[in-house]
Amino acid sequence: MASSKLTYFRGRGRAETTRWMLAVTDTDFINVAIDTPEELAALRATGKLPFDQMPLLEIDGQNLSQSSAMTRYLARKHGLYGTNETDAMWCDLVAGVVADFAETAIQAPFKSSAAIAVADMEDRFAKFGPRFEARIAAQGSTFIASAKMTFADVLLAEATSSYLEWCPEILADTPRLGRLYNNVISTPGVAAYLASDLRYPIPDANYVVAAAKVLRRALPAHMPDPNRFVVS
Ligand SMILES: N[C@@H](CCC(=O)N[C@@H](CS)C(=O)NCC(=O)O)C(=O)O
């Protein structure tokens, strides 16, 4: 039996950073997919979601909410928070910036066309890519927050993986970020995860529709019948 359980929609979304952290720390897990509003209601009725939100990570006898708490919990538990307070501060600082950077990739499948999604990501990368590069250089050219790998590197690699799926040439002028990315995806845990069935495919319109159906929310306005799941 797996030692942890991650419950979310049948896709990457806001659970993906936790999956990468479970992978890099060699923590075995299963994905539990919520596919219907009824399944979400049943999950909420268990009381395991303190703020009624997914993802939910069940680990070490605890129910964790908020992906940022999950990734930091795993980082503290497995020594991926650097070696001193300054490292820890840089981990948190970079994790915050990476969340801003990653948001554009998370929103990509919600855009009205792939061209718009790619343009948004190129703009976002133009802002943050050179800053990541400079920070990695200042840190010693291998990692971004410490002399050794931290969860900040893992989050940055996860976001970068999504950018690369939409914009394959995006790392052309940021070789240090490219090396950091390769270092993370080459760790045994992440490499095994990315090659496994636990890794969901790149999110597309079907994922957007599936999530809206579960949450009974409106779809992006460009989609047909955008209010088809909204219950008034
Ligand atoms: N900041 C949270 C976001 C959680 C969140 O917004 N979850 C959505 C699904 S992606 C949800 O459960 N929405 C239902 C609700 O807010 O009631 C995280 O990263 O875990």
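**Reading domains and salt bridges**

User: How exposed does Glu103 count as, and what relative accessibility does Glu103 have?

Analyst: Keep in mind that this is a predicted model. Glu103 has 25% relative accessibility.

User: Which residue forms a salt bridge with Glu103?

Analyst: Start with the general idea. Side chains of opposite charge can pair when their charged atoms come close. Here, Glu103 pairs with Arg14. Their closest N and O atoms are 2.8 Å apart. The pair links distant parts of the chain. Arg14 sits in the loop between strand 1 and helix 1, while Glu103 is in helix 4, and 89 residues separate them.

User: How exposed does Arg14 count as?

Analyst: Arg14 counts as partly exposed, because its relative accessibility is 37%.

User: How many salt bridges does a search of the whole structure find?

Analyst: The search finds 12. Lys111 and Asp120 form one of them, with 3.0 Å between their closest N and O atoms. Lys111 has 31% relative accessibility and counts as partly exposed. Asp120, at 27%, counts as partly exposed too. Salt bridges can also share partners: Arg12, Glu16, Arg19, Glu165 and Arg199 are joined into one network this way.

User: Now the domains. Where do domain 1 and domain 2 lie in the chain?

Analyst: Domain 1 covers 4-77 + 191-215, and domain 2 covers 85-187. Their centres are 21 Å apart, taken over C-alpha atoms.

User: How much area is buried between domain 1 and domain 2?

Analyst: About 1600 Å², with 67% of it from carbon and sulfur atoms. Arg14, Trp20 and Arg72 supply 32% of the area that domain 1 buries against domain 2, more than any other three residues. Count contacts as well: 17 residues of domain 1 touch 20 residues of domain 2.

User: How many salt bridges cross the interface, and which helices supply residues from domain 1?

Analyst: There are 4 salt bridges across the interface. Helix 1, helix 3 and helix 8 each supply at least two residues of the domain 1 side. Helix 1 gives the largest share, 5 residues. By type, the residues on that side are 9 nonpolar, 2 polar and 6 charged.

Conventions. Residues are numbered from 1 along each chain as its sequence is written. This is a predicted model: local features need pLDDT of at least 70, side-chain atom pairs count only at pLDDT 80 or more; totals for chains, interfaces and linings use all residues. Side-chain values use heavy atoms; hydrogens and water are left out. Domain bounds come from an automatic or database domain assignment. Contact means heavy atoms within 4.5 Å. Buried area is the accessible area (1.4 Å probe) that two parts lose on being put together, summed over both. A salt bridge is a side-chain nitrogen of Lys or Arg within 4 Å of a carboxyl oxygen of Asp or Glu. Helices (H or I, at least four residues) and strands (E, at least two) are DSSP runs, numbered from the N terminus. Ala, Val, Leu, Ile, Met, Phe, Trp, Tyr, Cys and Pro count as nonpolar, Asp, Glu, Lys and Arg as charged, and the others, Gly among them, as polar. Buried means under 20% relative accessible area, exposed over 50%, partly exposed in between (1.4 Å probe, protein chains only).
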